Amino acid sequence: MKTINLTTQRKAVYDIVYHAEDHPTAADVMNRLVERGHNFAYGTVYNSLRYLTDNGLIRELKLGEAASRYDGKMDDHQHIVCESCGRVDEVMTGAPLQWYADVAEETGYDVHHAHVVFKGVCTECKNKSKK
């Protein structure tokens, strides 16, 4: 079993991501650390995010944006992205099990996990466009 080394910096970064209601970027994490009185270098934050991701404590989300976002919720879920404002929300509906079998048959892979990213327009942006 691999030993996890949570330094003070890594623990602070983990706490920000784990307790986030949104899916923060590295810059968001940095800003929140500053708000809490921490003064870490950007490199330390990026390295901490990479370490936490590599060790399965958080998830890096590449959702077609320039910057990765981070998710502290490790249970199985999907994401939906607003094409208007960029908001990211969690979708708890799982991928249909038949998809796994169909993809395995089509590709020859043993499929273990699926991450689906839905795109649409959030309620707030929809309401703005109606005004």
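1. Tyr100 is placed in helix α4 (residues 97-107); helices (H or I, at least four residues) and strands (E, at least two) are DSSP runs, numbered from the N terminus. Tyr100 touches Ala95, Val111, His112, His113 and Ala114, leaving out residues up to four places away in sequence; a contact means heavy atoms within 4.5 Å. Between Tyr100 and His112, 12 residues apart in sequence, the C-alpha to C-alpha distance is 7.9 Å.

2. On provenance, this is a predicted model, in which local features need pLDDT of at least 70 and side-chain atom pairs count only at pLDDT 80 or more, while totals for chains, interfaces and linings use all residues. Residues are numbered from 1 along each chain as its sequence is written, and side-chain values use heavy atoms, with hydrogens and water left out.

3. The chain holds five helices and five strands. Read from the N terminus, their order is α-α-α-β-β-β-β-α-β-α. The C-alpha trace spans about 55 × 45 × 20 Å along its principal axes. Among contacts with a separation of 6 or more, 48% join residues 24 or more positions apart.

4. Of the 131 residues in the chain, 37% are buried. The term buried stands for under 20% relative accessible area, exposed for over 50%, and partly exposed for values in between (1.4 Å probe, protein chains only). The accessible surface of the chain is about 8,700 Å², and carbon and sulfur atoms contribute 50% of this surface. These areas come from the Shrake-Rupley method with a 1.4 Å probe, and for residues only the protein chains shown count as cover.

5. There are 16 positive and 19 negative side chains, and the centres of the two sets lie 7 Å apart. Lys and Arg count as positive and Asp and Glu as negative, whereas His and the chain ends are not counted. Each charge is placed at NZ of Lys, CZ of Arg, CG of Asp or CD of Glu.

6. An α-helix has 3.6 residues a turn, so residues three or four places apart point the same way. Just after α3, Gly56 adopts a positive phi of about 75°.

7. Asn39 sits in the loop between α2 and α3. With a relative accessible area of 75%, Asn39 is exposed. Its C-alpha atom is 25 Å from that of Leu61, 22 residues away along the chain.

8. Val117 belongs to strand β5 (residues 117-120). Is Val117 buried or partly exposed? Val117 counts as partly exposed because its relative accessible area is 32%. Apart from neighbours within four places in sequence, Val117 is in contact with Leu63, His79 and Val81. Although Val117 and Leu63 are 54 residues apart along the chain, their C-alpha atoms are separated by 7.3 Å.

9. The number of disulfides, taken as pairs of cysteine sulfur atoms within 2.5 Å, comes to zero. Cys82 is in no disulfide, and the nearest cysteine sulfur, that of Cys85, is 3.7 Å away. Cys82 counts as buried because its relative accessibility is 5%. The sulfur of Cys125 is 3.6 Å from the closest cysteine sulfur, in Cys122, and this is too far for a bond. Cys125 is likewise buried, with a relative accessible area of 10%.
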